[in-house]
Amino acid sequence: VIECAYRDTALICNPVISRNPFFSPFLSRAAEQSQAPTAMPGRWTIARKLFMYFARSFMHLGFLGVCCLTFAISKLRFRRRDVNRNKDLVIVDTYTVVDKICQRGEFEDAFFGDLHNILAKRNIQSVILCFPEAYSPWNMRQRLATYNILARDGRNFLTEFELLSMRQWLELIRFVFVYPFATLRLAGRTFGQFDQLFRQELVASLDQPQLLNYIRYLVGRRLGSLTNRKLTMISWHENQVIAKLLYRGVRDSGADATIYGCQFYTKPFLWRNMYPLEEEADHGVLPDVILVSGKHYLTPNEDSKLNTQLGVSPRYNYLFDIRPDEKSIAAQRLLTILLPYDIVHSKTIIACVAEYAPSDPVRIKLHPNHELLQPFEYPETWKQTKEHLSAVCADSRIVITAGSGTALEAAAMGCSVIIVGKPAGLT
């Protein structure tokens, strides 16, 4: 499927091919052999999906227009004069989360830690690629505040609004019309055992607009224009559609570039999108080097097309300073809920604990990206904490959470951990 689909840049956007369980249930349905496939969608269903796709796509185009106006009135500007085109350039591709930046009043890179300071101390010129993400994306007041906070930061941030030309914006509009029909052509092909289920999922995903993802490809194609020398990209890599499109854009630009994909986290085995495939390496959608957090993730085959090397784990550094012993574990008494990134799954965990432990004193810690949004309701007797995970786990006997790296961190600090699975999908 990848060999066929990834020849067309538009199909890199497709959520079914991405193998990401958050965007498509294809893998979980394929794993449930007892669940017989349903009938193929009819023409009216496809027509309705296409109508919803175009309606939502043009809504997203309007959203981009409003974001562009918001950026225009902000103080944030890319300082192009600070970039010496005759020197090598490092581009840091990390997450800029509106909710977190507005809450803290500053940009703090939770993914790469002190990387930016290290680059500055070594006199290596660098730029931070900025795609602000928000749980309330239409809240332009927060977005404007984010741009202004980044403007005061002192580091050089680059957004799509200063990088793309009118030609690229017209190409984005062209993509809106090309993508759904490319998906339907793919659905008409034959690949093997799960063809019927694959076609169903392709049609089911047809009403999901992808232009906000495709813009990463257009940005990638323009990054090479920033320097005449070597371009190095350091990217937080979860092998998602947005990263694949960005890397493919850099490749298609013809720039002299090396891409380092950083997987500085523990990878849940069932989240298959986080495990790159060799077939993907043939299509320019993977980093040149994938830095992983431990030997377990190294590619065992020396002839593999995947170049995995040991990296670092800045998010987990503090764990090596903690030495749980009998006395410290005996002091752990509280029941704590650590909510995951998924809001729906978080609500399921809250409902489960409220039902089975209604009278127990409970402490709850929201995912950092949710603290400003506050999308949850829970009993008034529960106490919310914003303490660092190490402080929370220091006096928590039982931690209830989802299957993620946070669960492993809690276990490493001596807590008993209960995993609440998702009602649907893989856990």
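Tyrosine 214 and tyrosine 217 sit 3 residues apart in helix α10 (residues 211–223), so about one helical turn separates them. The model is predicted.

**Aromatic pairs**

The whole structure holds 19 aromatic pairs. Two of them are set out here.

| Pair | Distance of ring centres | Angle of planes | Class |
|---|---|---|---|
| phenylalanine 191 and phenylalanine 198 | 6.0 Å | 85° | edge-to-face |
| tyrosine 214 and tyrosine 217 | 5.4 Å | 40° | tilted |

The phenylalanine 191 and phenylalanine 198 pair is edge-to-face because its planes meet at 85°, and the cut-off for that class is over 60 degrees.

Phenylalanine 198 has a relative accessible area of 6%, so it is buried. Phenylalanine 191, at 32% relative accessibility, counts as partly exposed.

Tyr214 and Tyr217 also belong to one aromatic cluster, which includes Tyr53, Phe54, Phe58, Phe175, Phe177 and Tyr179.

**Charges over rings**

Which ring lies under the charged end of arginine 77? That ring belongs to phenylalanine 71, and the charged end sits 4.9 Å from its centre. Lysine 267 lies over the face of tyrosine 275, with 4.4 Å to the ring centre.

**Alanine 351**

Helix α14 (residues 343–356) contains alanine 351. Is alanine 351 buried or partly exposed? Its relative accessibility is 44%, so alanine 351 counts as partly exposed. Glutamate 377 is 26 residues from alanine 351 along the chain, and their C-alpha atoms are separated by 9.4 Å.

Methods. Residues numbered from 1 in each chain as written. Predicted model: local features only at pLDDT ≥ 70, side-chain atom pairs only at ≥ 80, totals over all residues. Heavy atoms only, no water. Helix = DSSP H or I, 4+ residues; strand = E, 2+ residues; numbered from the N terminus. Buried < 20%, exposed > 50% of the residue type's maximum accessible area, 1.4 Å probe, protein only. Phe/Tyr/Trp six-rings, centres within 6.5 Å; stacked < 30°, edge-to-face > 60°. Lys NZ or Arg CZ within 6 Å of the ring centre and 35° of its normal.
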